[in-house]
Amino acid sequence: MPHARLPQAVLSALALTLTGLATPFAATADAEPLFATYDAESSVTVDSTPYTQMIRALTANERGRTLVAYDVAHAQALPFFTEYADYLAAVPVEQLNRDEQLAYWLNTRNFLLIKAIAEERRVRGYKKKRGTPSDPGSFWTESRITVAGTALSLQDIEQGILFAGWDEPNIIFGLYQGVRGGPSQPQRPFTGADVHDKLADAAARFGADTRNLRVRGDKVRISSYFDWYLPLAYKNDETALRTHIASLVQPKHQDLVRTDAKLDRRNFSTEFEQYQARQASVGSGSSGGGSVSRGGFGS
């Protein structure tokens, strides 16, 4: 069955919403170095409405995971991706407060990954292109956006901005990876008002999956996804890693995780993950592998 097309109304709504976005603030010429400064009193917010509509238009929910229909994105959404990336590049980040900055960088990083994958059409050798946080592949090191004159790759945003700027290990659960074993693409963009709560929710969902974290008797098994970010999120400190994992288990298991148990690693799946419209009959609301929720792809 051929892939379903995005309804014209959805595409028109995306275009109109984006057209209405102006450069939201005037940059300050004498500001301190970008990304190191912020306005603690600022109530300015970044408009993520187009991103919200994009997620609704180009994703489906299957087994609790938000899957992106990359073939449809490639065919129909690339002009929108380019225009919204330009909008994000024009945001003077130093005029945001810290929580709004954190939300901005998480959203920008995830959006740029979706855009990059969609542009590829067919992503071959994704595991090699992705690499790891400590040894990133070409996909992560290629410049994806220029903000305030600074060209940034996905790796730059992760290492040089997010983990360098925030002591928040739950960031690892807000980073969509495009693989089955990593965190799912967030269903809604982060905002400054909810970014910490949403990261905590993402951590709880990741930890609740026994493929990622399981305590049985005196044995603790964890996904090796935690090790991916050991240098960035935990500064290679096993104690910090244990403390974070302990926050994700039941109170009765926390001491075991913090000090006593050996942490057995389980390799997580690095298989590329996407939604394909042929998985479901158009209009049926179901597929052979799971249900397509309302508000997902094609709605």
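Q: Which residues lie nearest the centre of the largest pocket?
A: In this predicted model, G64, R65, G182, P183 and S184 lie nearest the centre of the largest pocket, whose lining counts 32 residues. The volume of the largest pocket is about 870 Å³.

Q: What makes a residue part of the lining of a pocket?
A: A lining residue has an atom within 4 Å of a point of the pocket. For the largest pocket, 32 residues line the space. β2 (65–68) and α9 (195–208) each supply at least two residues of that lining, and α9 gives the most, with five.

Q: How many residues of the lining of the largest pocket are nonpolar, polar and charged?
A: The lining divides into eight nonpolar, 12 polar and 12 charged residues. Gly counts as polar in this scheme.

Q: Why is α4 called roughly antiparallel to α5?
A: Helix α4 (residues 78–89) and helix α5 (residues 98–120) pack at an angle of about 150°, and their axes are 10 Å apart. Angles over 145 degrees count as roughly antiparallel, so α4 is roughly antiparallel to α5. The crossing of α4 past α5 is left-handed.

Q: Which residues of α4 and α5 meet?
A: From α4 come L78, F80, F81, T82, Y84, A85, L88 and A89, and from α5 come Y104, T108, F111, I114, K115, A118 and E119. By class, this contact of α4 with α5 has 11 nonpolar, two polar and two charged residues.

Q: Why are α12 and α13 described as roughly antiparallel to each other?
A: Helix α12 (residues 238–246) packs against helix α13 (residues 251–260) at an angle of about 170°, with the axes 8 Å apart. The cut-off for roughly antiparallel is over 145 degrees, so α12 and α13 are roughly antiparallel to each other.

Q: What makes the contact between α12 and α13?
A: R242, I245 and A246 of α12 make the contact with Q254, L256, V257, R258, T259 and D260 of α13. By class, the contact of α12 with α13 has four nonpolar, two polar and three charged residues.

Terms used. Residues numbered from 1 in each chain as written. Predicted model: local features only at pLDDT ≥ 70, side-chain atom pairs only at ≥ 80, totals over all residues. Heavy atoms only, no water. 1 Å grid on protein atoms, 1.4 Å probe; cavity = no way out; pocket = protein on both sides within 12 Å on 5 of 7 lines; lining within 4 Å. Points joined across faces, edges and corners; volume = space filled by probe spheres on them. Helix = DSSP H or I, 4+ residues; strand = E, 2+ residues; numbered from the N terminus. Axes fitted to C-alpha atoms, helices over the stretch in contact; angles between N-to-C directions. Parallel < 35°, antiparallel > 145°, perpendicular 65-115°, else oblique. Left-handed = near helix turned anticlockwise from the far one by under 90°. Contact = heavy atoms within 4.5 Å.
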